[in-house]
Amino acid sequence: MKTKPDLSFWKLWNLSFGFFGVQIAYALQSANVSRIFTTIGADPHDLSYFWILPPLMGLIVQPVVGMCSDRTWNRFGRRLPYLIFGATIAVIVMCLLPNAGSFNLSIQGAIIFGLIALMLLDTSINMAMQPFKMLVGDMVNEKQKGLAYSIQSFLCNAGSVVGFIFPILFGAIGLANTAPAGVVPQTVIWSFYVGAAILLICVIYSLIKIKEWPPHVYAEYNGGADTSKEKGNANLFKLLVNAPSTFWTVGIVQFFCWFAFLFMWTYTTNTVAIKAYNTPSMESVVGIKDGDKVYEGKNILISNDALKDVMIVNHGVAMAEGVEVNNVFYPATSVVINGNDTIVSDHKIVLNDEGVAKVKFNEMLSNVSSVAVNGKTLDDSSFVKVKDYISNLQGKATLTVAAIVSKDKDGQTVLEDAKNYDIPQAGNLAYETKVVLNAASKQYNEAGNWVGLLYAIQALGSVAWAVVLPRFRSRKFSYALSLILGGIGFISMGYVTSPYLLFVSFLLIGCAWAAMLAWPFTILTNSLKGGNIGAYLGLFNCTICIPQIIAALMGGWILHLLSTPGELAPENLMMVVAGVAIAIGALCVGFIKEGKKSDDEMKVQETPEISETL
């Protein structure tokens, strides 16, 4: 077997440059998915379930891409065909996902659209990411692998920082950071657009600059027969059975680490919004209840002798029927008090600058000097109340729960997926509500942008700590210490109320991140002998995917246990759970038994090998 030739710095750079664009896409996904789903109306107790898809796709895609690319040869190469296909899908989906709330869909429809887009995005990112990992193993000799992985690590972290801070940058140049309820702000939408463009440029650059070895040359430098003709009898089950014990002991540590980080990606935005930005909460209407029965829906209309298909709940917001002044009721589209203070507009109660409703239904207003209804000032302005549609209902009524309510070109109301329910006594009706963060508020969207900056701080902290890690004499000690520091960062994040003090929390989390990206794959590859490296790396990525799937399934249940009915879900406490989980991972480092390396191998292992997330 021939020794692989030394490659110039720029050839090593070209092998990994595409990682920059792929990591921008991944950073935008990880920092903004919870924000997007919260904005379009997802229940906070359901947020973790949406995060099942990314690791599930990684669980399926990574091993398959690893095994298939080990055996693929065509005119485009061995690894690059998977990059071409994955990146193409990623670019398309990145232009669609942030618009989930802009297609005039119902909340349920927007969430389903977002879930499909998220599934496709994560699948394509995984497919585009794997080739860069494997190209280093295919074409770089042992002496230069340290440098190659260092370049890859730099590009990964640089891409992360760029992706994370995009919303802040676009806000700084004037793009709107708030939007109507249910619609994702322009700062986020354009971040995905520009990220998609950069990914496309990086992939085109990679295709031009990377020239994979043909099968016979690959065989000369990597040993064995021409892999294009190799059939082999190995399968995933046999590989697992024959996996070294290091595969499993490192996997235990991986379980608790990735369990914790799934909670970070799921709950960080709302944690920061709650603790550091004092984001106002609001009551969201989830349905209309009639005694013990609840008619759930975000769009609900009512009909009776006096009303005909009148919208009483619009995308989870209870609508105002009018205003009562000195015991006289006035139907109203808009209500203005004290000359210029609009409290009702288009049948909706107006929010103040802090994102809090200016008035509440059926409560007497104070300090009112004048009242104007639909532009006409009333003579009397005493005893003023804003009235909803159901507080004074009597007799029979019909409720219509519709998935989508829209207007046709003639201005007529169009209902889709609608169900009618006859109510014998409408006087028993009441709103079924839940308390959620006001995702349309200025504070929430400022918090969402700040989270991107915090993730960038984490990436920078990871880069700095990665330089320190090889200086420890004991790899296991540095691994455990890094995870303990990360646990402290997670727990502190749940209680810190200053946006700037959160920098410390995320620097500590960056220490854990650096160790998680470096040591597991380094320890594993030192214990692997022979072929099927791509397949084993794909299988080992399952120790990243499976704990995230379990965390996603358990997240809503844990949050329910920590929640008090009728109050805002304490998502900040999920950071404490994450901190405890990663601390358990630190204790499990003691179970790892590292493989022995020869003196020659020690000399060429200049820096830790770098893995990347799914």
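**Close-up views of a predicted model**

**View 1. D346 in a loop between two strands.** D346 lies in the loop that joins strand 9 (341-345) to strand 10 (348-349); helices (H or I, at least four residues) and strands (E, at least two) are DSSP runs, numbered from the N terminus. The structure is a predicted model, in which local features need pLDDT of at least 70, side-chain atom pairs count only at pLDDT 80 or more, and totals for chains, interfaces and linings use all residues. Residues are numbered from 1 along each chain as its sequence is written, and side-chain values use heavy atoms, with hydrogens and water left out. D346 is not a glycine, yet has a positive phi of about 55°. Most residues other than glycine have a negative phi. D346 is exposed, at 52% relative accessible area (buried is under 20%, exposed over 50%, partly exposed in between; 1.4 Å probe, protein chains only).

**View 2. N326 in the loop between strand 6 and strand 7.** The strands on either side are 320-325 and 328-331. N326, also not a glycine, has a positive phi of about 50°. With 31% relative accessibility, N326 is partly exposed.

**View 3. Helix 8 (residues 186-209) and its cover.** Buried residues of helix 8 include F192, G195, L199 and C202. Among the elements covering them are helix 2 (18-39), helix 6 (107-139) and helix 12 (442-468).

**View 4. W265 in the largest nonpolar core.** A nonpolar core is a set of buried Ala, Val, Leu, Ile, Met, Phe, Trp, Tyr and Cys residues joined through side-chain atoms within 4.5 Å. This core has 139 residues, of which W265, L483 and F490 touch the most other members. Helix 11 (residues 245-275) gives the most to the core, with 16 residues. Residues up to four places away in sequence aside, W265 touches Y26, S30, S34, W51, W258, Y455, W513 and Q548; contact means heavy atoms within 4.5 Å.

**View 5. A273 in helix 11.** A273 is buried, with a relative accessible area of 0%. Neighbours within four places in sequence aside, A273 is in contact with N278, T279, L437, Y444 and A447. A273 and T497 are 224 residues apart in sequence, and their C-alpha atoms are 9.7 Å apart in space.

How values were computed
Expected span 1.5 Å × (residues − 1).
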